[in-house]
Amino acid sequence: MEYIQRDYTDYIIDQAVKLLNIDSPSGYGEKVTEYLLEELHRIGVHAERTVKGGVIADFGGEDTDNGILLESHCDTLGAMVHQIKDNGRLKLTPVGGMRPENAEAENCRIITKSRKIYEATCQLVNASVHVNDKYTVKRTWDSVEAVIDEPVRAKEDVKKLGIRNGDYVCFEPRTRVTESGYIKSRFLDDKISAAILLGYAKYLKDNKITPKRRVYAHFTIFEEVGHGAAASCPEGVTEVWSVDMGCVGEGLECTEQEVSICAKDSGGPYSYAVVRRMIEIAQKHNIGFAVDIYPHYGSDAEATLAAGNDVRHGLIGPGVYASHGYERTHRDGVKNTFDLIRYYLEE
């Protein structure tokens with residue numbers, strides 16, 4: 001079969017930028033899943049929203065008794081209003097692993113239950129260095145606060161705006177794509193890999209490819225809080241991959257230019273057969289890769305197993321530096337991840 005000779009990396013990066021600009025902290029997935037459904041339908045892929053709020057897509061394929069499920073999550077870190085203070089400032093509680101050190105001095109949006117949106121900034125309490133002689137205080141969710149960009153001076157002023165406890169606080173992603181190929185943004189974990197799955201879907205449809213195995217994709221919206229892919233595993237699936245971010249840091253081999261293959265994380269080892277086959281495919285096709293162990297990581301694939309599904313599982317993703325902070329990856333890592341998925345499912 002002759003395939004269209006096209007580099008899908010530009011499409012993937014374009015889709016990642018669009019996804020990154022849609023606020024979607026864990027549990028607030030309505031807007032991002034609407035976009036996913038629209039784009040998948042435009043490509044020509046059948047997709048439906050799950051009861052839980054994610055998206056299940058059917059990429060097609062012949063062997064329905066040996067299906068593979070590719071999982072990426074579109075939920076991100078964020079915060080909620082925990083308490084409206086007497087002075088009109090907001091105490092926040094994190095959603096997922098958002099850290100106060102990374103939230104400080106960032107612009108954010110407060111989304112009320114009536115869907116009205118207010119601008120704010122996350123600041124250190126008493127943030128003016130010229131009047132604060134304790135500026136080196138440890139950053140915690142008690143020592144930072146959201147300052148609303150409205151003329152509020154008291155709790156009642158804030159309530160009149162319609163802001164209540166439990167309203168989502170979404171942080172600015174600050175997405176940049178450099179001429180040298182780097183992609184910098186909050187929440188590349190995991191919107192960069194969600195975009196890779198969109199790129200794979202487009203590749204299949206452009207080339208009129210019917211995979212040998214039935215291929216499904218699950219875009220989840222609760223991964224950052226641990227139960228994103230605990231449901232909606234299609235019948236006949238025997239293998240599940242979490243297509244997420246690869247870790248880059250001290251003690252790890254992966255770089256931002258490579259696809260990371262995870263052998264073990266905090267949930268234990270991944271399937272030996274799947275990891276071995278990934279390595280074989282990467283070596284055969286000269287795909288830049290690294291194999292690493294992540295001691296502080298959990299994945300959607302593990303949530304699928306924990307729910308009782310009898311499947312093999314794996315975890316891959318482009319190398320991402322500064323995870324859960326202001327993250328960075330590279331277009332080469334994106335392409336290598338795409339290529340590993342493509343070749344693995346073609347052989």
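The model is predicted: local features need pLDDT of at least 70, side-chain atom pairs count only at pLDDT 80 or more, and totals for chains, interfaces and linings use all residues. Residues are numbered from 1 along each chain as its sequence is written, and side-chain values use heavy atoms, with hydrogens and water left out.

**Stop 1: helix H5**

Select residues 188–206, which form helix H5. Helices (H or I, at least four residues) and strands (E, at least two) are DSSP runs, numbered from the N terminus. The end C-alpha atoms of H5 are 26 Å apart, which agrees with the 27 Å that its 19 residues should span at 1.5 Å a residue; the expected span is 1.5 Å times one less than the number of residues. Of those 19 residues, 17 are buried, so H5 is largely enclosed by the rest of the structure. Buried means under 20% relative accessible area, exposed over 50%, and partly exposed in between (1.4 Å probe, protein chains only).

Now zoom in on Asp189 and Asp190, which are joined by a cis peptide bond with omega about 10°. Asp190 has its place in H5. Then go to Lys208, which follows H5 and has a positive phi near 55°. Most residues other than glycine have a negative phi, and most peptide bonds are trans.

**Stop 2: H1 against H5**

Two packed helices are described by the angle between their axes and the distance between the axes. Axes are lines fitted to C-alpha atoms, for helices over the stretch in contact, and angles run from 0 to 180 degrees between N-to-C directions. H1 and H5 are therefore oblique to each other. Angles under 35 degrees count as roughly parallel, over 145 as roughly antiparallel, 65 to 115 as roughly perpendicular and the rest as oblique.

To see the contact (heavy atoms within 4.5 Å), show Tyr11, Ile12, Gln15, Ala16, Leu19 and Leu20 in H1. They meet residues of H5 including Leu188, Ile192, Ala195, Gly199 and Lys202. The residues of this contact divide into 11 nonpolar, two polar and two charged. Ala, Val, Leu, Ile, Met, Phe, Trp, Tyr, Cys and Pro count as nonpolar, Asp, Glu, Lys and Arg as charged, and the others, Gly among them, as polar.

**Stop 3**

H8 is mostly covered, with 12 of its 16 residues buried; among them are Val334, Phe338, Ile341 and Leu345.

The axes of H1 and H8 come within 10 Å and cross at roughly 110°. H1 and H8 are therefore roughly perpendicular to each other. Thr9, Asp10, Ile12 and Ile13 of H1 make the contact with Arg331, Val334, Lys335 and Phe338 of H8. Its residues divide into four nonpolar, one polar and three charged.

**Stop 4: two loop residues**

Go to Arg115, in the loop between strand S6 (106–111) and strand S7 (117–124). Arg115 is not a glycine, yet its phi is positive, near 75°. At 53% relative accessibility, Arg115 counts as exposed.

Finish at His324, in the loop between strand S18 (312–321) and strand S19 (327–330). Although not a glycine, His324 has a positive phi of about 65°. Its relative accessible area is 24%, so His324 is partly exposed.
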